[in-house]
Structure formats: C-alpha cells, structure tokens
Amino acid sequence: MLKDIIAVEPKEGYQLYIKFEDNKQGIIDISKLISFTGIFAPLKDINYFQQVKINSEWGTIYWENGADFDPDVLYAEVTGEAISNYQIAKTANEH
C-alpha cells in the first residue's frame with residue numbers, strides 16, 4: 001500500500017485530519033488507536049498532541065519524542081480498506 005501522508009492538521013480533542021498522496025483524506029481519532037502509555041504517554045497532553053508533524057522521509061506523522069504511526073494503519077483507518085499482509089504482534093502475555 002505505502003501511501004505517504006502529505007498533510008496533517010490537529011482537530012478537536014485527539015482527532016487529526018490526514019491527507020495522503022493519492023488525495024484520500026479523513027479525520028482519525030488517535031485516542032481510539034492507542035493507549036497513552038509508553039512512547040505515546042506524552043500525547044495525552046493535548047497541547048503536546050497538537051504539535052504533530054510530518055516526516056516526509058517516512059511518509060508518516062510523528063512527535064518530537066519519537067512517537068509515530070505506521071502510515072498503512074492510518075490509511076486503512078481513513079479509507080476503510082483492509083491492510084494486506086498486516087499482522088498485529090502478540091504480546092508475551094497472549095497465547
């Protein structure tokens with residue numbers, strides 16, 4: 001899939017408007033995709049969350065602390081299309 005994100009704009013709450021290079025666009029509520037723990041913990045601060053940027057080299061969004069997202073996951077959220085060959089890694093606690 002690999003469509004680069006070319007625009008991002010913070011919206012109300014934890015929502016982001018995202019536009020991809022193929023002109024697909026939409027609003028994603030990031031709080032429904034993550035837990036605000038680990039590298040994502042600082043994003044719980046809405047002021048920090050709104051400092052989202054685009055990493056044009058990777059074609060995705062990121063924050064200064066190193067938090068970022070797989071653009072394929074965001075693309076699937078925006079378009080409703082399934083991610084081909086995508087598997088969610090199981091944690092050590094899952095069997």
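Start by selecting Thr 60. Leaving aside neighbours within four places in sequence, Thr 60 is in contact (heavy atoms within 4.5 Å) with Ile 5, Lys 53, Ile 54, Asn 55, Asp 68, Phe 69, Asp 70, Pro 71 and Leu 74. Thr 60 lies in strand E5; helices (H or I, at least four residues) and strands (E, at least two) are DSSP runs, numbered from the N terminus. Is Thr 60 buried or exposed? Thr 60 counts as buried because its relative accessibility is 2%, where buried means under 20% relative accessible area, exposed over 50% and partly exposed in between (1.4 Å probe, protein chains only). Now show side chains: that of Thr 60 reaches the backbone oxygen of Phe 69 at 2.5 Å. Such a polar contact is a pair of N or O atoms within 3.5 Å; within protein, one must be able to donate a hydrogen and the other to accept it, and residues adjacent in sequence count only if both atoms are side-chain atoms.

A quick word on what you're looking at. This is a predicted model, in which local features need pLDDT of at least 70 and side-chain atom pairs count only at pLDDT 80 or more, while totals for chains, interfaces and linings use all residues. Residues are numbered from 1 along each chain as its sequence is written, and side-chain values use heavy atoms, with hydrogens and water left out.

Zoom out and colour by secondary structure. You'll find two helices and five strands, running β-β-β-α-β-β-α along the sequence. Of the chain's 95 residues, 31% count as buried.

Next, select helix H2 (71-79). Pro 71, Asp 72, Val 73, Leu 74, Tyr 75 and Ala 76 are buried there, and their cover includes E1, E2, E3 and strand E5 (60-62). At the start of H2, look for a side-chain oxygen of Asp 70, which reaches to within 2.7 Å of the backbone nitrogen of Asp 72. After H2 comes Gly 80, with a positive phi near 80°.

Now for the inside. A nonpolar core is a set of buried Ala, Val, Leu, Ile, Met, Phe, Trp, Tyr and Cys residues joined through side-chain atoms within 4.5 Å. The largest one here has 20 residues, and those with the most contacts inside it are Leu 16, Ile 18, Leu 43, Ile 61, Trp 63 and Leu 74. At least two core residues come from each of strand E1 (5-10), strand E2 (15-20), helix H1 (46-49) and H2. The largest share, three residues, is from E2.

Head to the loop between E1 and E2 and pick Gly 13. Gly 13 counts as partly exposed because its relative accessibility is 32%. Not counting residues up to four places away in sequence, Gly 13 touches Ile 46 and Phe 49. Its C-alpha atom is 9.1 Å from that of Phe 49, 36 residues apart along the chain.

Last stop: the rings. Rings of Phe, Tyr and Trp (its six-membered ring) pair if their centres lie within 6.5 Å; planes under 30 degrees apart count as stacked, over 60 as edge-to-face and the rest as tilted. The count comes to six aromatic pairs. Tyr 14 and Phe 36 make a tilted one, 4.8 Å centre to centre with 45° between the planes. Tyr 14 lies in the loop between E1 and E2 and Phe 36 in the loop between E3 and H1, so this pair ties together parts 22 residues apart in sequence. To finish, select Tyr 14, Phe 36, Phe 40, Phe 49, Trp 63 and Phe 69, which ring pairs link into a cluster.
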